[in-house]
Amino acid sequence: FSNTKKKQLLALARQHAELALTDMGDADSAASEKILADLQQQFHFQHLPRRIECFDISNISGTSSVASMVCSVDGVPYPNRYRRFRIKTVEGADDPRSMAEVVRRRYSRLLNEQKPLPGLVMVDGGITQLRAAKAELGALGLGDLPIGGRAKRDEEVVWDVEHNSGNLVLPRHSAG
C-alpha cells in the first residue's frame, strides 16, 4: 500500500471506531433509561430517580465502624461521588444508629451547602436501618425523599414504612 492509501485506511478505521463508541454510549444510555424507568414503575415514583445514593455499614468484630456511600447518576456508577464515613457517635456494632448518624451527616451537609439531593436513597439492611434513616430524613425536613432498604435475601426491598405496605421482591428479569 502507498502512504496515501495507508492514511485513508487509518482514517476510515478511526471513523468506524468513533461510530462504534458513540453507538455503545447510546446503548448504555438506553439501558440506563430502562433501568430507571423500571425502578420508577416498580416503586411508583413521580420522577425517574436519576441520582441514587446507597449506604452500607461495616465493622470489624463490633469495632471500627464505617459507612460507605456509593452513587449512580443516570444508572451509571459515579466513583468520584463515593464517600466513606467513620462512625463517630456510636459505640459497638449498632447498624441502625450508625445508619442514622451517616444519613444525618450526609444530608445535613447537602442542605447546608445547598447542593442537589438524590432522587432515591437506599440503605443496606432491613426495616430497622430503614426506620432509623427515614427518621433522620424526617428530622431534616426531607421526609418526602424516596428511601428504601435492601434486605439480604432475594433482592427484597423494604419500602413505605408509614403505610406498612410490606416488602417488594424485584422480579429476576427486572432491569431495576
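In the hairpin formed by strand 2 and strand 3, with two residues between the strands, aspartate 74 adopts a positive phi near 55 degrees. Strands here are DSSP runs of E with at least two residues, helices are runs of H or I with at least four, and both are numbered from the N terminus. The model is a predicted one, in which local features need pLDDT of at least 70 and side-chain atom pairs count only at pLDDT 80 or more, while totals for chains, interfaces and linings use all residues. Residues are numbered from 1 along each chain as its sequence is written, and side-chain values use heavy atoms, with hydrogens and water left out.

The chain holds three helices and eight strands, in the order α-β-β-β-β-α-β-α-β-β-β from the N terminus. Of its 176 residues, 32% are buried (under 20% relative accessible area, with exposed meaning over 50% and partly exposed in between; 1.4 Å probe, protein chains only). Taking contacts as heavy atoms within 4.5 Å, residues 24 or more positions apart supply 51% of those with a separation of 6 or more.

Strand 3 (residues 76-77) is joined antiparallel to strand 2 by two bridges, with proline 77 opposite serine 72. Strand 4 (residues 83-86) also runs antiparallel to strand 2, over four bridges, and arginine 83 in strand 4 is the bridge partner of methionine 69.

Arginine 51, in strand 1, counts as buried because its relative accessibility is 13%. Its side chain makes a polar contact of 2.8 Å with that of glutamate 53 (N or O atoms within 3.5 Å, one able to donate a hydrogen and the other to accept it within protein; residues adjacent in sequence count only if both atoms are side-chain atoms). A polar atom of the arginine 51 side chain also lies 3.2 Å from the backbone oxygen of proline 116.

Beyond its neighbours within four places in sequence, phenylalanine 55 touches residues including Phe85, Tyr107 and Val123.

Ten salt bridges are counted, each a side-chain nitrogen of Lys or Arg within 4 Å of a carboxyl oxygen of Asp or Glu. Aspartate 74 returns here, in a salt bridge with arginine 50 (2.9 Å, N to O). This pair links the loop between helix 1 (3-43) and strand 1 to the loop between strand 2 and strand 3, 24 residues apart. Arginine 150 and aspartate 124 meet in another salt bridge (3.6 Å, N to O). Arginine 150 is in strand 6 (residues 147-150) and aspartate 124 in strand 5, so parts 26 residues apart in sequence are tied together. Aspartate 124 is buried at 17% relative accessible area, whereas arginine 150 is partly exposed at 28%. Salt bridges with shared partners join Glu33, Arg50 and Asp74 into one network.

Key. Two strands pair if DSSP finds at least two bridges between them.
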